[in-house]
Structures are given as C-alpha cells and as structure tokens.
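Here are some notes for a colleague who has the sequence and the coordinates open, arranged as numbered points.

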There are 2 protein chains.
Amino acid sequence: MLFNLFIIDTGHHEASWRLPGSQPLAHIDVDYHERLARIAEAAKFDSVFLADSPVLWNNPGRRPSGRLEPITLLTALARATQRIGLIATASTSYNDPYNLARRFASLDHISGGRAGWNIVTTAGDDAARNFGLEAQPAHAERYERAAEFVEVSRKLWDSWEDDAIVADADSGVHALEDRVHEIDHAGRFFRVRGPLNLPRAPQGHPVLVQAGSSQDGRDFAARYAEAVFTAQQTLAEGQAFYADLKRRAAAAGRDPDGVKILPGIVPVLGSTEAEARELEAELDRLIVPEHARRQLARLLRVEPEQLPLDAELPASLPAEDEIEGAKSRYTLVVELARRERLTVRQLIGRLGGGRGHRTFAGTPEQVADTIEYWGAHGAADGFNVMPAVLPSGLKLFAEHVAPILRRRGLMRTEYEGTTLRDHYGLARPASQYAAEPALART
Amino acid sequence: MLFNLFIIDTGHHEASWRLPGSQPLAHIDVDYHERLARIAEAAKFDSVFLADSPVLWNNPGRRPSGRLEPITLLTALARATQRIGLIATASTSYNDPYNLARRFASLDHISGGRAGWNIVTTAGDDAARNFGLEAQPAHAERYERAAEFVEVSRKLWDSWEDDAIVADADSGVHALEDRVHEIDHAGRFFRVRGPLNLPRAPQGHPVLVQAGSSQDGRDFAARYAEAVFTAQQTLAEGQAFYADLKRRAAAAGRDPDGVKILPGIVPVLGSTEAEARELEAELDRLIVPEHARRQLARLLRVEPEQLPLDAELPASLPAEDEIEGAKSRYTLVVELARRERLTVRQLIGRLGGGRGHRTFAGTPEQVADTIEYWGAHGAADGFNVMPAVLPSGLKLFAEHVAPILRRRGLMRTEYEGTTLRDHYGLARPASQYAAEPALART
C-alpha cells in the first residue's frame with residue numbers, strides 16, 4: 001500500500017500547538033520540516049504532502065497561520081532527502097500555467113524526479129479577493145479552467161522531447177531545434193505559445209494529484225489524476241467512493257490502476273487504547289470553541305449565533321448545489337453531523353481533530369488493522385497519514401505502526417526506485433510531441 | 001565594496017559550454033549551482049544572482065537554454081550555504097503580486113534573511129505570448145505596473161507586524177489579530193485584500209534590486225531600488241550613470257547611500273595578460289556567427305541579411321523611443337558598435353562575451369586594479385561579477401583576485417552580519433502598519 005505523510009505545522013489537530021513541548025513557530029521553520037521529511041523517509045513513506053491556498057486561511061489568533069509556499073519549501077526538503085516523493089498543492093484558479101508548470105518542472109529536476117502536484121481550484125471568496133475578483137468563479141467554471149490548465153501544463157512539460165539535448169561541443173549544437181516545440185495553445189481560458197523554458201523533467205511531468213470529491217471533482221480526477229486524496233469517514237463510504245472513482249477512470253478510457261486512491265486517516269496513537277483516547281480528549285479540550293464556531297458558520301453560510309454549542313445543526317441548511325465553494329467538504333460536514341447526531345460542540349471537536357478526515361484513536365496494532373482492512377476491502381490503495389500531533393504522532397507511527405505494516409507486507413522495507421512515479425507504480429508519460437519515430441526526423 | 005556573483009550555467013560567454021571539460025547540462029544541475037554558491041561564499045561574496053524571463057530566451061540550438069526557476073533554485077542554495085545573499089529575478093508583468101510576494105517572503109524565511117528580488121518588467125513579445133497577449137505592453141505601461149506591483153508587495157510584506165505572533169499556549173492565542181492587517185489595495189492594475197498568508201520575513205522584505213537603465217528604469221530605481229545592476233562600458237559612462245542615479249534617488253527623497261550601484265564586469269582571467277587574451281580569442285572563435293547574427297537582428301529590428309558579418313551596422317536604425325522592448329540594452333549595443341566602429345562580427349564577439357556588459361581580459365592584478373579604480377572614482381559601490389567561464393572563472397577570481405582585493409581593504413575577510421541587508425549595509429524596513437506605538441494598542 002501507499003503511504004503519504006500530510007504535514008501541517010504542529011499537527012492536524014488545531015489545538016496541537018498548545019500541547020506542552022510543541023513548536024509554535026513550526027509553520028515557518030524549514031529545519032522542522034526537514035526533520036519530519038527525514039523521519040518519513042527513514043520509515044519509507046512514499047511521499048510527503050503540503051496543502052496550500054493563496055489566502056490567509058485561518059483566523060491567525062487561533063492557530064499557527066500563514067505558511068511557507070509549498071514548492072519553495074519542498075525544494076529545501078528535496079535537498080535534505082534522497083528518495084521520498086514531494087507533493088505540493090497549487091491552485092489552477094490563481095496561477096498562470098506557464099509559471100506554474102515551470103516551477104513544478106524545476107522541483108522535479110532539483111529532486112531527481114520526486115515532484116507531485118495536488119491540483120486544486122481553490123474555494124472561497126477570500127482567495128478571489130487577493131486576485132482582483134470580488135467573488136470566486138462558479139464551481140463548474142473553476143473546474144473547466146482547471147482542466148484546460150492541466151492540458152496546457154502537459155503540453156508545456158512535453159514541449160522539450162526527452163532526446164532534444166545533444167550538447168555537441170564540436171559542432172556547437174546544444175539542442176536539436178526540431179525537438180523543442182511551440183505548443184500554440186488557444187483555448188477558452190489560456191493562450192500560450194511555449195515552448196517551456198526548461199528541458200523535460202525526469203518524470204516527464206509531476207505526478208498529478210487531486211483531492212476534491214464533488215461530482216465535478218470526481219470527473220476531473222477520472223480524467224487527469226494519478227492519485228486522489230479523499231476524506232472518507234466510514235468503510236462503506238470509502239468503498240463506494242473507491243468503486244465510483246475507478247469506474248469513472250475506466251469510463252474515461254484510463255487504466256483504473258493508474259489512479260491511486262488514498263483516504264485520509266488522523267491517527268491519535270497511545271500504547272493502550274485508553275491512553276490514545278485520553279490524548280484525543282485533551283486535544284479537544286484545548287479547542288477554543290468561539291473561534292471554531294465562527295469558522296464552521298462560515299462553511300455552512302449561517303451566522304455563528306445560529307449554531308448554539310450544545311444543539312445539533314439547524315434543520316434547514318443550503319443544499320450542496322447552492323454551494324459554490326468547497327462542495328464536497330460542505331456535504332461531508334453536514335452528513336457527519338446528521339448521521340451521528342452531533343452537537344455543534346461535538347462536531348467542532350471532530351473537525352478540529354482532522355478537518356473532516358477520519359480520526360482514529362487507538363494502539364499501533366489497531367491503526368495497522370484498520371489500514372489493512374480498508375486496503376483489503378476495496379476502499380484504499382494507500383493512506384494519507386495526517387498525525388494529530390507533530391512530530392510525536394509521526395514518530396509513533398514510524399516506530400510502532402510502520403513495523404507492523406512491514407511485517408504484514410503492506411509497507412516497503414527499502415525503496416526500489418528513485419522517483420515518485422516509481423514509488424506509486426505509475427508509468428512515465430511519453431512526450432505528446434514525440435509521436436513520429438526519431439529516425440524519420442534525422 | 002560589494003561583490004555579487006551573477007551565475008549563468010557554464011559562464012557568461014555564450015560559447016563557454018563548448019570549452020573542453022565544461023558541463024553542458026549545468027543549467028539544470030542543482031549540485032553544480034551549489035558548488036558555485038559555496039565557492040562564492042568561501043570567498044565572502046555578498047550575494048549570488050540568477051537572471052530569468054518567463055520565455056525560452058535563446059535559440060536552444062545555440063547554447064544551454066531553459067533554466068531552473070530562480071526562487072526554487074535559490075531555495076536549494078539557501079540550504080547549502082549559511083551567509084551569502086540570494087537574489088532572484090522575477091517579472092512584474094507576468095506574475096501576481098500575492099503569489100510572488102509570498103514566494104520571496106518564503107525564500108527570506110528559509111534562508112534566514114538572505115533574499116533579494118531583481119525586479120524586471122520583461123521585454124519582448126515572445127514572453128507576452130506565453131501569457132495570453134499578442135504583444136508586450138508598452139514600455140511606460142510596464143513600468144507603471146511594476147511600480148504598483150512593488151507597492152502592493154510592500155503592503156503584503158508589512159501586513160503582519162513583527163510582533164504579531166505571541167504563541168500563548170495557555171490562552172490559546174497564537175497571533176494578535178489587530179497586528180495582522182488587510183491591505184485593501186485598489187489601484188489601476190491590482191485589487192488585493194490581503195493579509196499575506198505568511199508572517200513577516202526576517203528582512204522585513206527582500207532587498208529590492210533593479211537592472212534597467214532606460215529613463216523609466218532609472219526613475220523606477222530611484223523610487224524603489226536598494227541595489228542596481230547596470231551595464232557600463234566605459235568609466236565615463238559609469239560615472240555619469242552613478243551620479244545620475246544617486247541624484248535621482250535624492251530627488252525622490254531617499255538617502256543616495258541606500259541605493260547601491262553595481263556595474264557588470266566580465267573578467268576573462270589569465271596568469272599573464274597574453275594568456276587572458278588567448279582565452280578570450282578562443283571563446284570568440286567558438287561563437288557560431290549565424291546564430292548570433294539572428295539574435296542581434298531581432299534586437300535591432302532588422303532582417304539578418306541586413307547585417308553582413310564584415311560590415312558595420314546599417315546607418316539607419318530605429319531611435320530608442322521607437323523601441324518598446326529592452327530600451328537601455330538596445331541603446332548600449334548600438335552605441336558600442338558606433339563608438340568603436342565594430343563590424344557585425346566584432347560586435348557579436350563583444351556581445352557573446354557578456355551580452356553588453358564590460359568584458360575585461362587581464363591578470364588578477366589588473367582586474368583588481370580596475371575594480372578599485374571604478375570604486376574610487378565614483379562609478380561603482382561594488383561589482384556584478386560575471387565570469388566568462390564557470391566554474392573556472394569564479395575559482396580564479398576567488399583564488400587570485402579576491403586576496404588582492406582583501407589586502408587593499410575592498411573585500412571582507414569575514415561576514416559580520418547574517419542577512420543580505422547586513423552585507424549590503426541597508427536598513428531593515430519597519431512595517432508601514434506599525435505606525436502607532438505598540439503600547440497604545442494593548
């Protein structure tokens with residue numbers, strides 16, 4: 001199975017920075033991130049991953065806020081590690097394909113073929129207001145732009161054929177000009193001439209990752225994604241999502257095995273189950289409910305006062321189609337609250353722990369069991385591991401869960417390949433401009 | 001005096017990659033760049049610098065083409081060095097201020113305060129065509145956008161006050177919300193709400209560098225630049241430029257000493273003058289004149305056939321005002337050719353050696369002499385060192401020129417500070433939002 005470490009400063013639990021011994025400036029500390037990446041690499045994780053949005057996400061009063069830009073930070077991590085994959089989030093709504101394709105190709109060169117791109121369309125009006133807009137583009141429009149953005153990027157990544165550079169000092173010919181292509185893209189959102197100002201990257205292009213689970217998001221993933229991060233609360237939901245996405249990939253003419261599905265898991269580890277539950281309870285006690293309620297109210301499009309802490313969610317809330325923001329997250333939160341009849345306070349605890357991802361408090365054995373069970377029952381090709389507390393949760397996973405997984409043959413003992421594509425079992429794409437056999441052109 | 005190493009793959013001479021023992025894939029090799037940065041740091045250079053443009057600059061047949069994106073590459077170099085400054089070029093015409101300000105602040109955090117931004121407006125229609133335009137915006141318009149871009153960036157860099165983060169675990173307050181500011185910028189080119197999604201950087205903001213010497217460029221530099229890279233062929237021209245820019249800075253209400261001026265020098269070093277001249281001649285012999293003539297023709301807006309190799313430039317060429325591209329470069333090239341009555345072939349040799357910067361072939365003593373002379377006679381606060389051949393030209397400079405400069409008190413023996421601002425003798429800017437004394441607000 002595949003294992004991705006999702007790093008977020010002091011951990012995925014929003015109160016993790018308040019624990020004794022935490023590093024409250026972790027979010028802007030490159031040494032800290034290097035230590036985490038090295039631990040993950042020593043445990044033979046496939047990849048590390050950094051989320052991102054071009055906006056100040058949280059209320060900065062509440063938890064560490066504002067982070068180092070992921071491609072930049074992963075470049076530093078690339079030099080501190082040798083094998084582990086490096087996946088950065090970047091927005092298709094608030095970037096230009098030429099610049100972004102260049103930066104990902106640079107990371108792929110610098111890391112020797114370990115780059116991945118988590119493609120997001122960036123929900124929310126707040127982000128839009130940092131880019132000259134009053135409100136975010138509609139959901140469907142964001143995904144249409146994302147699709148064209150990826151098409152342009154792939155053309156740019158392919159614009160130098162693999163054998164373009166000959167570096168013949170005698171004749172003075174550095175590259176064969178007919179193997180470096182203008183792409184002449186002209187579409188609804190972009191007109192880009194190319195070629196890219198960088199020779200082809202070691203992986204051809206970065207591994208393409210996607211993480212939205214709305215209908216638009218699934219269709220997008222089926223067409224383009226090579227790995228999918230997803231939030232699934234129950235095995236049944238996980239199985240349904242897994243089957244649906246593999247089916248859609250096949251319907252789009254792709255090998256379903258070329259789309260790896262990694263649900264999130266927020267392990268809260270203790271040497272006994274009771275110890276794990278005590279840590280979970282301590283973390284939930286440290287959440288400041290007023291802050292959390294404001295954030296929940298914003299997601300649900302209601303006023304904070306409409307959410308009394310000890311009552312369930314109001315009966316009337318907007319339907320998913322009315323939401324132009326993060327549709328799948330909205331539905332996940334509402335369904336979680338309704339299904340388990342959670343009060344606002346309980347819901348806040350669940351969301352504060354892993355922002356809607358599945359929290360699992362238990363012993364290393366129990367965590368390994370659930371990972372194995374989901375893998376064996378058609379719900380996961382691997383897991384997006386999101387420790388509630390960092391670095392301690394990662395260390396516990398590496399020291400106590402990983403050895404169990406290795407004994408069961410579910411986690412590698414040594415890297416076999418050198419690139420992220422090698423680790424994920426994904427083929428290296430050929431350049432779309434290399435259709436004609438090389439001989440015919442020389 | 002200040003010393004900046006301008007790195008460009010195998011060296012500034014376009015034929016440097018053809019020399020025996022060169023590394024023709026240097027331009028995409030991070031290890032190679034790390035070695036250069038370490039040599040420069042050991043020699044106590046103030047900074048290293050990478051040029052850039054969001055377009056494939058050269059004909060890729062001719063010389064190593066397409067490079068790693070500079071901020072990404074410098075992030076790797078930041079982890080391989082401890083003190084040396086790291087200056088990246090980025091375009092104000094083809095970026096968004098929110099994203100670019102974030103990336104430079106990230107580099108400044110990751111490097112511990114060593115980031116610099118060479119602000120360029122990016123001349124040329126080819127770049128425009130990678131961003132949905134048919135032709136570049138007019139010269140004055142590009143500079144107007146650049147000015148607003150810098151204003152927005154400075155607001156974003158200032159949006160977190162230095163003392164915003166308190167990280168009080170007991171109360172659960174991570175940052176003081178009233179010290180994190182929306183910037184609410186609304187101008188001709190940009191509407192940006194802010195705040196930046198990253199706490200304030202070690203230097204406040206990166207050192208602002210500028211390199212265009214047109215009238216618009218000089219006005220821009222006088223208002224914003226803290227360092228200026230410039231191409232000056234003769235001492236008299238260098239003195240005139242230096243005096244003019246310092247005067248403009250004073251007229252803009254700034255301390256002229258807060259604008260450091262670094263002309264480019266392309267040292268071609270030999271242990272004797274004859275040996276240096278032999279290397280220069282060998283390099284010029286390796287230029288492929290047809291390639292170079294095409295590039296010259298494009299700059300001059302004529303057809304290659306109008307430039308016979310063994311004749312001088314045509315008498316009638318456009319005036320600088322008619323050029324919407326790189327105005328100062330255009331004028332420099334035309335004036336150089338006219339002043340020295342160069343044939344096209346000779347001009348190509350001069351440009352191939354350092355793209356219009358001053359080439360100086362000689363012994364280490366002679367190179368040190370000219371550096372000292374320009375510094376003592378009001379033409380330079382330091383030099384932008386552009387070795388014709390890398391890494392050998394840098395090694396020769398470090399081993400043979402730097403010791404002479406140190407003996408003369410012109411180059412440091414040890415770093416005194418830790419940031420690029422320390423090295424350049426520039427003050428750390430206060431946040432523009434921190435006007436009120438902190439006490440009044442608590």
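**Symmetry, interface and helix packing**

1. In this predicted model, chain A can be laid on chain B with an RMSD of 0.0 Å, by a turn of 180° together with a shift of 0.0 Å along the axis. That is the relation of a two-fold axis.

2. The two copies meet through the same surface, because 100% of the interface residues of chain A are also interface residues in chain B. Chain A contributes 75 residues to the contact, and chain B contributes 75 residues.

3. The size of an interface is often given as the accessible area that is lost when the parts come together. Between them, chain A and chain B bury about 5,800 Å², with 56% of this area lying on carbon and sulfur atoms. On the side of chain A, the residues Arg79(A), His174(A) and Arg191(A) supply 11% of the area buried against chain B, which is more than any other three residues supply.

4. Turning to helix packing, two packed helices are described by the angle between their axes and by the distance between those axes. In chain B, helix H12 (residues 364–376) and helix H13 (residues 392–407) have axes that come within 9 Å and cross at roughly 50°. Since angles under 35 degrees count as roughly parallel and those from 65 to 115 as roughly perpendicular, H12(B) and H13(B) are therefore oblique to each other, and their crossing is right-handed.

5. Which residues make this contact between H12(B) and H13(B)? From H12(B) they are Pro364(B), Glu365(B), Val367(B), Ala368(B) and Ile371(B), while H13(B) brings Phe397(B), His400(B), Val401(B), Ile404(B) and Leu405(B). By class, the residues of the contact of H12(B) with H13(B) divide into eight nonpolar, one polar and one charged.

6. A further pair to inspect lies in chain A, where helix H10 (residues 327–339) and helix H11 (residues 344–354) pack at an angle of about 135°, with their axes 10 Å apart. Because only angles over 145 degrees count as roughly antiparallel, this angle makes H10(A) oblique to H11(A). The crossing of H10(A) and H11(A) is right-handed.

7. The contact between these two helices of chain A is made by Val333(A), Leu336(A) and Ala337(A) on H10(A), and by Leu347(A), Arg350(A) and Leu351(A) on H11(A). The residues of the contact of H10(A) with H11(A) divide into five nonpolar, no polar and one charged.

Notes: Residues are numbered from 1 along each chain as its sequence is written. Chains are lettered from A and ligands numbered from 1 in the order in which they are written. This is a predicted model: local features need pLDDT of at least 70, side-chain atom pairs count only at pLDDT 80 or more; totals for chains, interfaces and linings use all residues. Side-chain values use heavy atoms; hydrogens and water are left out. Axes are lines fitted to C-alpha atoms, for helices over the stretch in contact, and angles run from 0 to 180 degrees between N-to-C directions. Helices (H or I, at least four residues) and strands (E, at least two) are DSSP runs, numbered from the N terminus. A crossing is left-handed if the near helix is turned anticlockwise from the far one by less than a right angle, and right-handed if clockwise. Contact means heavy atoms within 4.5 Å. Ala, Val, Leu, Ile, Met, Phe, Trp, Tyr, Cys and Pro count as nonpolar, Asp, Glu, Lys and Arg as charged, and the others, Gly among them, as polar. Copies are superposed by least squares on the C-alpha atoms of residues with pLDDT of at least 70 in both. Buried area is the accessible area (1.4 Å probe) that two parts lose on being put together, summed over both.
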